[in-house]
Amino acid sequence: RNGITFDAAKVVTGATPIILLSLIDRSLLTRNSNGRYMIHELLRQFGQTELASNAERKIQTRAAHADYFAAFLEGLNPDLYADAQLKAGRLIEDDFENILLAWRWFVENGDGDGLYRMMDSLHEYCDRSGRCQAGAEVFDRARQSILSKSGSEEIRLGLRGALSMYEGLLRRRIGVVDQQSWGDIELLLEDPILHPVHQSNIFIQVALAQYYLGRLETAERLFDEAMKIATRHANDWALGIVLSERAHVDEFQGDYRRAEANFESSIDAFEKVGDQIKLAYSLNNLGRAAYAMGNYAKAEAVIRAALEIRLRFQDVVGIAFSLLDLAKLYRMLGKYDEAEVYLTEGTTLCEQSGLADTLARYHNGWGMLEQVRGRPDLAIDFHKRAQYFYQKEPIHAHLPQTLNSLAAAEMAVG
């Protein structure tokens with residue numbers, strides 16, 4: 001529906017420049033300013049009907065289409081972790097519907113190789129473009145489908161585990177701990193053929209799950225295992241992920257000194273590999289640890305540095321988080337008008353981008369601002385909005401904080 005490039009048309013259909021020009025001359029195709037070939041919706045539907053009438057040709061075309069876009073996405077994978085990630089994201093955005101169509105073909109046919117080729121880049125794009133909820137649902141549907149497929153039990157279990165890992169990472173990004181997929185992730189803990197990045201991510205996922213269940217010793221052991229894997233393979237990117245997620249747990253437990261040290265180490269790791277989005281992630285979180293320790297100048301400096309990177313790379317979710325943390329910082333400094341400016345800007349961004357989970361965090365932020373302004377009735381209203389969203393999930397990292405803030409506001413009302 002968003003057209004196709006010449007390369008895709010050539011590989012999937014065998015089209016030549018002369019054929020495409022003749023179709024344009026007969027008004028069957030148009031070419032937009034980006035050089036993509038476009039077709040009218042009615043003609044597209046007609047072509048789809050014609051293709052469906054020839055089963056063999058339909059299978060060949062769908063398979064060629066899926067293979068092309070799997071290779072396309074796989075080829076962009078290195079760029080998603082480097083300075084070219086903004087350009088790579090735009091290329092994926094242009095062909096996102098084609099990519100999802102290719103993904104569905106592999107799911108429908110139980111093609112694990114095809115899914116493995118696409119899943120890492122698909123996850124990274126969804127994470128960085130603010131499509132965390134939608135992306136998690138794509139991985140979840142694929143995992144559920146694999147459960148019903150025949151084939152090697154070892155392959156099915158491995159694929160389920162990998163799909164679960166990426167689903168869990170996306171849900172983790174929006175604060176949701178998905179209990180249903182933990183068992184699948186744990187199936188891969190002893191798998192010797194996994195890429196070290198996948199291995200360490202699996203240990204991180206299970207460690208976070210154990211932490212949220214209150215099993216702190218088990219969580220620490222799993223984080224140690226993830227660290228060993230990343231160190232053994234000299235994989236700085238994986239090491240950065242382990243350090244940043246472990247720092248999150250330190251932060252939640254109130255050990256801000258240790259969180260600060262781990263965030264700073266993760267920043268060093270991401271700088272080495274040139275992953276600007278993950279660098280901004282750790283910078284922003286370092287700012288949170290800094291203001292928790294009362295170092296407001298450092299907090300403002302590093303959060304603003306994170307926001308600058310996120311604006312440059314159009315990381316919508318990241319921008320929303322940085323604005324929210326700046327609002328919290330200014331609230332703590334008693335600069336309520338400045339805090340309101342950032343809350344207003346971030347709330348508008350969340351509403352326009354459909355970031356429901358992040359919007360719930362903003363409801364909490366508004367509630368806390370109204371509380372310190374001496375307007376507990378308004379605070380209660382905002383906290384209840386957040387509570388309504390968080391209670392829809394089985395375990396949500398931000399529900400306890402919401403309930404505590406709501407209770408404080410209700411006590412103020414009396």
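**Entry 1: α12 and α13**

I began with helix α12 (residues 216-232) and helix α13 (residues 236-252), which pack at an angle of about 160 degrees with their axes 8 Å apart. I take axes as lines fitted to C-alpha atoms, for helices over the stretch in contact, with angles from 0 to 180 degrees between N-to-C directions. Helices (H or I, at least four residues) and strands (E, at least two) are DSSP runs, numbered from the N terminus. The model is predicted: local features need pLDDT of at least 70, side-chain atom pairs count only at pLDDT 80 or more, and totals for chains, interfaces and linings use all residues. Residues are numbered from 1 along each chain as its sequence is written, and side-chain values use heavy atoms, with hydrogens and water left out.

α12 and α13 are therefore roughly antiparallel (angles over 145 degrees). Their contact (heavy atoms within 4.5 Å) includes Phe 223, Met 227 and Ala 230 of α12 and Leu 239, Val 242 and Leu 243 of α13. I sorted this contact by class and found nine nonpolar, one polar and four charged residues. Here Ala, Val, Leu, Ile, Met, Phe, Trp, Tyr, Cys and Pro count as nonpolar, Asp, Glu, Lys and Arg as charged, and the others, Gly among them, as polar.

**Entry 2: α17 and α18**

Next I looked up helix α17 (residues 316-332) and helix α18 (residues 336-353), whose axes come within 8 Å and cross at roughly 160 degrees. This pair is therefore roughly antiparallel too. Among the residues in contact are Ile 319, Leu 323 and Tyr 330 of α17, with Tyr 342, Leu 349 and Cys 350 of α18. The α17 contact with α18 divides into 14 nonpolar, two polar and three charged residues.

**Entry 3: α4 and α5**

For helix α4 (residues 55-76) and helix α5 (residues 85-94), I have axes within 10 Å, crossing at roughly 165 degrees. Phe 72, Leu 73 and Leu 76 of α4 meet Ala 88, Leu 91 and Ile 92 of α5. I counted six nonpolar residues there, no polar ones and no charged ones.

**Entry 4: α8 and the chain**

Helix α8 (residues 132-147) has 16 residues and reaches 23 Å from first C-alpha to last, close to the 22 Å expected at 1.5 Å a residue. Its buried residues (under 20% relative accessible area, 1.4 Å probe, protein chains only) include Cys 132, Phe 139, Asp 140 and Arg 143.

Stepping back, I noted 21 helices and two strands in the protein chain. Of its 414 residues, 52% count as buried.

Conventions
Parallel < 35°, antiparallel > 145°, perpendicular 65-115°, else oblique. Expected span 1.5 Å × (residues − 1). Buried < 20%, exposed > 50% of the residue type's maximum accessible area, 1.4 Å probe, protein only.
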